[in-house]
Amino acid sequence: MKKLFISLAILLCSAAASAGVNTVDSLRADILSRVSGAVMPEATASILDFGAKGDGKKDCKKAFDKAMQRAARKGGLHLTVPAGTYYIAGPITLTDNVCLDLAEGATLLFSPDAKDYPMVSTGWEGTYLQNYSPMIYARGCRNVSIIGRGTIDGNAGETFAKWKPLQRPGLQRSRDMNHSETPVEERNFGEGWYLRPHHIQFYECEGVTVEGVKITNSPFWCLHLLKSSNIILRGIRYDAKLVNNDGIDPESSRDILIEDIHFNNGDDNIAIKSGRDNDGWRLGAPTENILIRNCRFKGLHAVVIGSEMSGGVRNIIVEDCGYAGYVKRGIYVKTNPDRGAFVENIYVRNVTLGEVEDLFYVTSKYAGEGLDNDKFTRIRGIHVDGLRCTKASGAALVLQGTAQEPVTDVTFDRVTVGEARTGISFSDTRNVRIDNSVIGTPAGVPTQVSAKDKIFER
């Protein structure tokens with residue numbers, strides 16, 4: 001009978017492991033079936049045809065506006081930008097069926113003057129409002145793309161990058177309006193409030209591709225996907241180390257492929273969000289179905305979920321990724337009792353980092369905020385298979401739930417950490433399993449008793 005029980009236990013464990021593989025494989029296939037990106041337009045033109053000049057001096061804003069007007073009339077345009085530096089005193093506002101194709105050696109150099117950017121409908125750290133237009137802005141567009149080997153330079157180092165110490169009143173006002181559910185059309189910011197514009201934003205867009213370009217000197221978040229779907233981000237290169245230069249922020253968006261990205265950012269590389277507090281609950285639009293693969297991380301944190309995630313996050317795969325330099329944390333899930341909603345069905349597979357502070361960190365008590373509130377987040381279904389780092393100066397594996405909503409159904413397999421100050425720290429958790437993992441030096445064959453043990457002297 002004992003032998004039968006052991007055989008049955010082995011069989012059940014094998015079945016569970018196999019089911020996990022099938023689940024992530026099925027999810028990956030499902031995401032890829034949903035993602036095609038932008039359909040490329042047939043009509044072509046050069047930005048030079050509209051009067052632009054790549055000398056870094058002439059203002060090319062009118063040339064880009066004319067190109068977008070033609071695209072709107074003709075039903076689309078593949079707009080090429082030859083090598084050169086194109087100064088643009090204001091935003092490029094994309095229209096349907098536009099491909100912006102930046103040749104190698106082409107640079108879009110944006111004005112650093114806030115007065116050049118009109119007020120538009122946007123979002124700021126999870127709250128919907130009116131603020132300065134992003135430098136490249138698409139609202140309600142279909143089939144829009146930015147491709148090529150050129151550079152998009154926000155030119156923000158001497159202006160927007162210095163606004164953060166001034167933003168507190170505007171930030172607090174935006175959150176107060178969120179919590180009081182002030183009508184969005186009354187949430188007007190802009191001059192005097194110091195909320196920095198995004199570099200590139202796709203808002204309520206469907207069919208988006210960004211591929212190959214270099215992004216640098218962003219005023220705020222680099223690439224913001226807001227309420228958008230069917231997106232391919234591939235081969236983007238970052239050198240964006242100004243304040244809050246997140247690389248990619250999917251927010252209340254779905255069906256996204258992020259692959260072959262080389263990050264070098266002054267904040268999170270990828271930060272997955274779904275709205276803050278009341279705005280997130282009101283909209284109820286989770287961020288879901290994201291495949292992140294073959295990326296190289298360098299910056300603050302590699303992949304983050306939260307903290308603005310009140311619409312929920314689910315069905316995320318991070319696989320076959322490595323590092324280009326230091327990141328403070330590898331995988332980081334952060335929420336608190338202000339946020340509510342859920343984080344579920346997260347898969348991490350074959351991810352290797354170098355030295356970090358914390359390798360894998362899940363917390364329901366982010367920044368110690370909201371601890372007197374009751375909007376607890378449900379975190380469940382996190383599966384890690386193949387996660388490595390050479391050193392964790394802080395902790396290797398951290399799970400921090402709450403008594404009201406423990407972190408549940410988490411599996412770790414093939415986790416390897418060369419050195420860690422804290423190996424494991426779990427609190428308010430349920431159904432957590434660790435297999436085939438080493439934190440520190442692997443144990444070898446147990447030693448035999450010898451004279452040096454001095455066991456009879458104790």
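Strand S11 (residues 142-148) is mostly covered, with six of its seven residues buried (buried: under 20% relative accessible area; exposed: over 50%; partly exposed in between; 1.4 Å probe, protein chains only). Helices (H or I, at least four residues) and strands (E, at least two) are DSSP runs numbered from the N terminus. The model is predicted, so that local features need pLDDT of at least 70 and side-chain atom pairs count only at pLDDT 80 or more, whereas totals for chains, interfaces and linings use all residues. Residues are numbered from 1 along each chain as its sequence is written, and side-chain values use heavy atoms, with hydrogens and water left out.

S11 runs parallel to strand S6 (residues 98-102), to which five bridges join it; pairing requires at least two DSSP bridges between two strands. Leu 102 stands opposite Gly 148 of S11. Strand S14 (residues 206-211) also pairs with S11 in the parallel sense, over five bridges, and Val 210 in S14 is the bridge partner of Ile 146.

Helix H2 (residues 61-74) comprises 14 residues and reaches 20 Å from its first C-alpha to its last, close to the expected 20 Å at 1.5 Å a residue (expected span: 1.5 Å times one less than the number of residues). Its buried residues are Lys 61, Ala 63, Phe 64, Ala 67, Met 68 and Ala 71. These lie on the same side of H2 because they cover an arc of only 165° around the axis, the arc being that of the directions from the helix axis to the C-beta atoms. The buried residues of H2 pack against several strands, including S2 (55-59), S3 (77-81) and S6, contact meaning heavy atoms within 4.5 Å. Exposed residues Lys 62, Ala 72 and Arg 73 are carried on the face of H2 turned away from its buried side. Gly 75, with a positive phi near 85°, follows H2.
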